[in-house]
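Subject: Structure handover and findings

Hello,

Here is the structure for your review. My notes follow below it.

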Amino acid sequence: MAEIRDYDVDANNNTATPPDGAAEGWAPSTVNNTIRELMARTKRLWEDTSAVNTTTGTSNAYLLSASQTISAYAAGDVFMFVADRANTGAATLAVDGLAAKSLKTVTQAELVADQLTANGIYVAAYDATNDVFQVLGVDESSGTMTLDSLSVDTISEKTAAAGVTIDGVLLKDNAVSATAASTVTVADASNEALTITQSGNGGGVLIDDTGTGVALTVTNPTAQAAGTPVIVVGSPSAAAKADTPTDNILVEGGRYGFAHVQHSTSNAGGPGLVTLRSRGTAGAETVVDNADLLGLFRVRGYDGTSYTQAGYIAFSVDETNRSIATGNIPTKFELVLNDGTTNTTPITCIPSSSAGYARTTLDGNLTVNGPTGGHAATFNCGDAVYSGLIAWMQNDTGYARLGHSNTYTFYGEAGQLRNKSADNTSGTYGIRILNSTGTTLLYTLSNGEFCTGGAAQSPYSYTTASAANVFVTSGGILQRSTSSARFKTNVQPIEDEWADKILDLEPVFYKSTAPGDTSNPDWTYYGLIAEDVAQVDGRYVHFDTGYKPRDPANKDEDGNPDPIPATPRKPQNEWVADGVQYERMVVPLISVVKRQRARIEALEAQVSELTAQMSALADRVAALEA
């Protein structure tokens, strides 16, 4: 559709066929149509330049549906719009589904947060030279304001939304945020570098760093070398500081600090509290040595006289079996508890000389009480954590768990074998059985796929000339197909009319869309359509009856088998035809063939009799002619 932008600046050139132009000798009936079209195009241009349209989109990608038809951007295109939301950084604008173009200020600067505000009115002009939209109506402060002195300590915000920015420090709504601050140095060593007094109910200090740098770094080499706290929250007494003179982090009562706090989006990296330990001095670290304490979490309780140590968890270097190497430090773990008389070490883990193993020592018996008073015992095969057994009793039922990471659990009730692996994505093994050479004998995948493997005696490799006698129900149950008289009742011969129905079936050839045939989608097959066969005689068809067996994996809130019943069959008129019982079609064919054989034998007898009669007639004719 043409728009005003498509008209020529030279009136003599606007001679297109009405209503797109005013050609010479145009019919009077086209005059009013051309004027109306011109009025409509003028109205659309007015709407696009009069803040009638509001943007949509998400985040900083703004979308605009123009009143005019915009098939391509042209130099000087102007759109006045209402922003539906504030921007949080550099933004783009796309009109009528065309490519998104950067929104920039008249100085070609990217927008910063909140330069577009919700319900704000802005003008975007297409800059064809730079292939961007220049935005008019955004705040673009420039220049530097220098304050030599202030008579009062109040600076009024120029607008509620913008605040006041001085040397990269934004003052807004009684809050201060530094967007590009330089290093601050306090030369007077007798004063604190920064003092913050909070008289309200808010927090004291909030440091919110959304970049990739370190949010807060506090160093004091002198204090570190002396073994005194670098960060102290609260006001500990001199006696409290002297309580643990070698601690670099004071954790006691209301006084606490942290040497290094790390947050990570990786499961392997954190988040958590990280302690750093080295020998040497800050900035000139050397390798830790055997028995060096790497980290300690200590708990204390007040005994009426003083805060007494109640226990701790400690990590230390242990080179008993393995030496320190680049990227690896052999570590011993200890849990120390007080039994009311003395400190004991109920659990100790020491690295093994074999890579990937650790030796765990339990001081005394380890008993785990279940919800109903059951007991558990743990047994390790040597010091190999990859081979272990946990056995326990619950509600008079025996359980056993075997394998690395508790991969499989054997339950005493109902003979269940359950895969407890956390990796249950489609394509991973639910159960896999291999022989001593590593050949897969049987596996099931977590997505339900079942395979009998590729060993020499697997069902696929170990062939036979016998007919199949196994059937899988629509509920996924494997059944043996039988033909013995002991499984049959009310046996009757097949009526001819029943057998003859097989001749009403319509053979077809087709391409398969079944999941197992997708690797060869162009292959064609001979067969029958199950739904069509069901219309002739449903006894030739496998049906999905809707029946599903009970799922033994269902558990109640106590972990016991949940007696959820199986899904019952649907009414027969709701069954869905699934497959054709081709082998059953041999039975009616036998009846048809037997009747055909009888007819053939009768016809052969008639032919023989007629042949004899014809021979006798031939003899009589020959005699008469003689």
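One cut-off first: buried means under 20% relative accessible area, exposed means over 50%, and partly exposed lies in between. At 28%, D500 therefore counts as partly exposed. Please keep in mind that this is a predicted model.

Overall picture

The protein has 626 residues, and buried ones make up 19% of them. Its secondary structure comes to six helices and 34 strands. Take the contacts with a separation of 6 or more: residues 24 or more positions apart account for 37% of them.

Nonpolar cores

The largest nonpolar core holds 20 residues. Within it, L93, V95, L103, L116 and F133 touch the most other members. Five strands each supply at least two residues of this core: β3 (61–64), β4 (78–82), β5 (91–95), β7 (121–127) and β8 (132–136).

L93 deserves a look of its own. Leave aside its neighbours within four places in sequence. L93 is then in contact with Y62, L64, Y73, F81, A99, A100, K101, L103, A124 and F133.

Salt bridges

How many salt bridges does a search of the whole structure find? It finds nine. Three of them are described here.

D84 pairs with R85, and their closest N and O atoms are 2.6 Å apart. D84 is partly exposed because its relative accessible area is 31%. R85 has a relative accessible area of 15%, so it is buried.

D500 pairs with R595, with 2.6 Å between the closest N and O atoms. This pair links distant parts of the chain. D500 sits in helix α4 and R595 in helix α6 (residues 586–625), 95 residues apart. R595 is at 25% relative accessibility, so it counts as partly exposed. A network of salt bridges links D500 and R595 with D496.

K511 forms a salt bridge with D522, where the closest N and O atoms are 3.9 Å apart. K511 lies in strand β31 (residues 508–511), while D522 is in the loop between β31 and β32 (524–527), so the pair ties together parts that are 11 residues apart in sequence. Both K511 and D522 are exposed.

Helix α4 again

E497 also lies in helix α4, which covers residues 496–500. Is E497 buried or exposed? Its relative accessibility is 59%, so E497 counts as exposed. E497 and P588 are 91 residues apart in sequence, yet their C-alpha atoms are 9.9 Å apart in space.

Cysteines

How many disulfides turn up in a search of the whole structure? The search finds zero. For reference, a disulfide is a covalent bond between the sulfur atoms of two cysteines. C349 is at 23% relative accessibility and so counts as partly exposed. C451 has a relative accessible area of 24%, so it is partly exposed.

Surface patch

Which residues form a nonpolar patch on the surface, with about 280 Å² of accessible area together? They are I196, V205 and I207. I196 is found in the loop between β11 (175–178) and α2 (221–226). Its relative accessible area is 49%, so I196 is partly exposed.

Backbone points to check

Two residues in the loop between β6 and β7 come up here.

- Q108 is not a glycine, but its phi is positive, at about 65°. It lies in the loop between β6 (101–104) and β7. With a relative accessible area of 27%, Q108 is therefore partly exposed.
- N119 has a positive phi near 70°, in a residue other than glycine. N119 is found in the loop between β6 and β7. At 63% relative accessibility, N119 therefore counts as exposed.

Best regards

Definitions and conventions:
Residues are numbered from 1 along each chain as its sequence is written. This is a predicted model: local features need pLDDT of at least 70, side-chain atom pairs count only at pLDDT 80 or more; totals for chains, interfaces and linings use all residues. Side-chain values use heavy atoms; hydrogens and water are left out. Helices (H or I, at least four residues) and strands (E, at least two) are DSSP runs, numbered from the N terminus. Buried means under 20% relative accessible area, exposed over 50%, partly exposed in between (1.4 Å probe, protein chains only). A disulfide is a pair of cysteine sulfur atoms within 2.5 Å. Patches are made of residues with over 30% relative accessible area and no salt bridge: like charges are joined within 9 Å, nonpolar side chains (Val, Leu, Ile, Met, Phe, Trp, Tyr) within 5 Å. Accessible areas come from the Shrake-Rupley method with a 1.4 Å probe; for residues, only the protein chains shown count as cover. A salt bridge is a side-chain nitrogen of Lys or Arg within 4 Å of a carboxyl oxygen of Asp or Glu. A nonpolar core is a set of buried Ala, Val, Leu, Ile, Met, Phe, Trp, Tyr and Cys residues joined through side-chain atoms within 4.5 Å. Contact means heavy atoms within 4.5 Å.
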